[in-house]
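Subject: Structure handover

Hello,

Here is the structure for your set-up work. My notes follow below it.

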Amino acid sequence: MSALVALRLASPATATLSFALLGAYALLGRRQAIHALLFSWLFLMLNPAIAPTPPATTVMRYLVLLCAAASVLLRSPFIRNSLRMSRLFAMTMVLGIFIVLHSILISPEPTISVLKGVAWTLAIMTSLAAWEGLTPESRNRTANEIFLVLLLIAFTSLLLLPAPVSYMPGKSLFRGVLGHSQALGPTLAVLAAWTSALLLQRASWPRIVILTIIVPLIFLTGARTALLAAILGLALGVVFTPALSRQRLLEAAPALKSRSILLLSIVSLLLASIWMEAITSNVSSFLNKGRQADSVLEAYEESRGDLINVMLANIRERPMFGIGFGIASDPNAMEVERFAGIPVSAAIEKGVTPIAILEELGIVGSSLIALWGWYLVVSGARGGLAPLACLSTILALNLGESSLFSSGGMGMLSIVMIGWIVSSARSGRHQRGAT
């Protein structure tokens, strides 16, 4: 895989080749298909100042997805044995069919909506089936490898801290090795929640060091939702894991009684009391992004209010069936990327995912999404503290940036993680993670 990363970084021509080889690699097995989906996300999200952009990025992304899907499908027990499948998998299939039909009948740009709907459905079904087909040992190994990739993103970004290319052009927002601060922030949020959960399961100084590096980096990205999502995700994991796993809190998070965690907590509280004024000022500035807002809610309204207001207007106008899956609130403002005259990409920006879904699919489609989400939470809730904390963080991130249903952006990382989360719960084994 390191050779593919080197090709991705070398030149536009070799970058295109790296995607093609990634697709071939996906055909080798289920683990390889998961790796391919993860690295297709990483290759797309890399900082363009340090990684050249290949000329046919979008098309090559679809190639990797199709190869991963074919690899998993050919090895699927659904093909060899029977049509047994989990409720979440079946619901995902139903949802995908609905999105395609809805796109054909409702969307003003049916080709774009169908493409986005099929890509997301194929990606999430591939991830679920791939993880489900792994042995517990292989599943844990693959999860540890994903943890390592996220960790490498964090540490490589740290090394680039002094470099001007690691900041957004014309801004002081840190983006590291990824193309945007709003990509690095959520990535680090997932890693922070994951590491924190593992730390509560087994205390170790390497995990403490990782957290002391990740949290300041999130502050530098300016991604307020990311930090809040990580905190909320961990909190929900700690609260609900004991009840869902029928364990006491100290059984689910035994490190809470660890001396090192107790010492760290005491030292942190002492330092916080000494530097309270400076910490409060910096946190307030971070949450407000330098704006003169009186509260976090007011700052949120300033940054997302315009997007939400336009979405709410569309909801009032078309409440039952929406404006079309993956369609911008103003369809005429969409920047559509075409390949051989065929629209293959149309990036859009939306805020709160539930509102975005209601705008795009209406009450009917949102009801199906809500049912799918319920199956997702139920399916992943018994995976243990780390998987549940990661799932809660992913869902919380979508309260500030709609990405869960975008397989061509940050959504692919969520899709890969969801496969692990659900399989951890279904296997009855709790992921302990990497150190």
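Arginine 31 counts as buried, at 15% relative accessibility. Buried means under 20% relative accessible area, exposed means over 50%, and partly exposed is in between (1.4 Å probe, protein chains only). Arginine 31 forms a salt bridge with glutamate 145, and their closest N and O atoms are 2.7 Å apart. A salt bridge here is a side-chain nitrogen of Lys or Arg within 4 Å of a carboxyl oxygen of Asp or Glu. Arginine 31 lies in helix α3 and glutamate 145 in helix α8 (residues 136-159), so the pair ties together parts that are 114 residues apart in sequence. Helices (H or I, at least four residues) and strands (E, at least two) are DSSP runs, numbered from the N terminus. Glutamate 145 counts as partly exposed, at 22% relative accessibility.

Glutamate 145 also meets the side chain of arginine 141 in a salt bridge (3.4 Å, N to O). Arginine 141 and glutamate 145 both lie in helix α8. They are 4 residues apart, about one turn of the helix. Shared partners join Arg31, Arg141 and Glu145 into one network of salt bridges. The structure holds 2 salt bridges.

Two points on how to read this. This is a predicted model: local features need pLDDT of at least 70, side-chain atom pairs count only at pLDDT 80 or more, and totals for chains, interfaces and linings use all residues. Residues are numbered from 1 along each chain as its sequence is written, and side-chain values use heavy atoms, with hydrogens and water left out.

Overall picture

The protein chain has 435 residues, and 50% of them count as buried. Its secondary structure comes to 18 helices and 2 strands. Take the contacts (heavy atoms within 4.5 Å) between residues at least 6 apart in sequence: 75% join residues at least 24 apart. The accessible surface of the chain is about 19500 Å². Carbon and sulfur atoms account for 67% of that surface. Areas come from the Shrake-Rupley method with a 1.4 Å probe; for residues, only the protein chains shown count as cover.

Cores

A nonpolar core is a set of buried Ala, Val, Leu, Ile, Met, Phe, Trp, Tyr and Cys residues joined through side-chain atoms within 4.5 Å. The largest one has 103 residues. Trp41, Ile153, Trp194, Trp372, Met417 and Trp420 touch the most other members. Helix α9 (residues 181-201) gives the largest share of this core, 12 residues.

Serine 181 is buried, at 0% relative accessibility. Leaving aside neighbours within four places in sequence, serine 181 is in contact with Met168, Leu173, Phe174, Arg175, Pro186, Thr221 and Ala223. Its C-alpha is 7.8 Å from that of tyrosine 167, which sits 14 residues away along the chain.

Helix α17 (residues 385-397) has 13 residues. Its first and last C-alpha atoms are 18 Å apart, close to the 18 Å expected at 1.5 Å a residue. The expected span is 1.5 Å times one less than the number of residues. Of those 13 residues, 12 are buried, so α17 is largely enclosed by the rest of the structure. Among them are Leu385, Pro387, Cys390 and Leu397. Beyond neighbours within four places in sequence, serine 392 is in contact with Gly233 and Leu236.

Helix α4 (residues 57-74) has 18 residues and reaches 26 Å from first C-alpha to last, close to the 26 Å expected. Its buried residues include Met60, Arg61, Tyr62 and Val72. Their cover includes α2 (12-26), α3 (30-45), α7 (110-132), β1 (335-339) and β2 (342-347).

Surface

Met93, Ile97, Leu101, Ile104 and Leu105 form a nonpolar patch on the surface. Together they have about 510 Å² of accessible area. Patches are made of residues with over 30% relative accessible area and no salt bridge; like charges are joined within 9 Å, and nonpolar side chains (Val, Leu, Ile, Met, Phe, Trp, Tyr) within 5 Å. Isoleucine 104 is in helix α6 (residues 87-105). Isoleucine 104 is exposed, with a relative accessible area of 52%.

Best wishes
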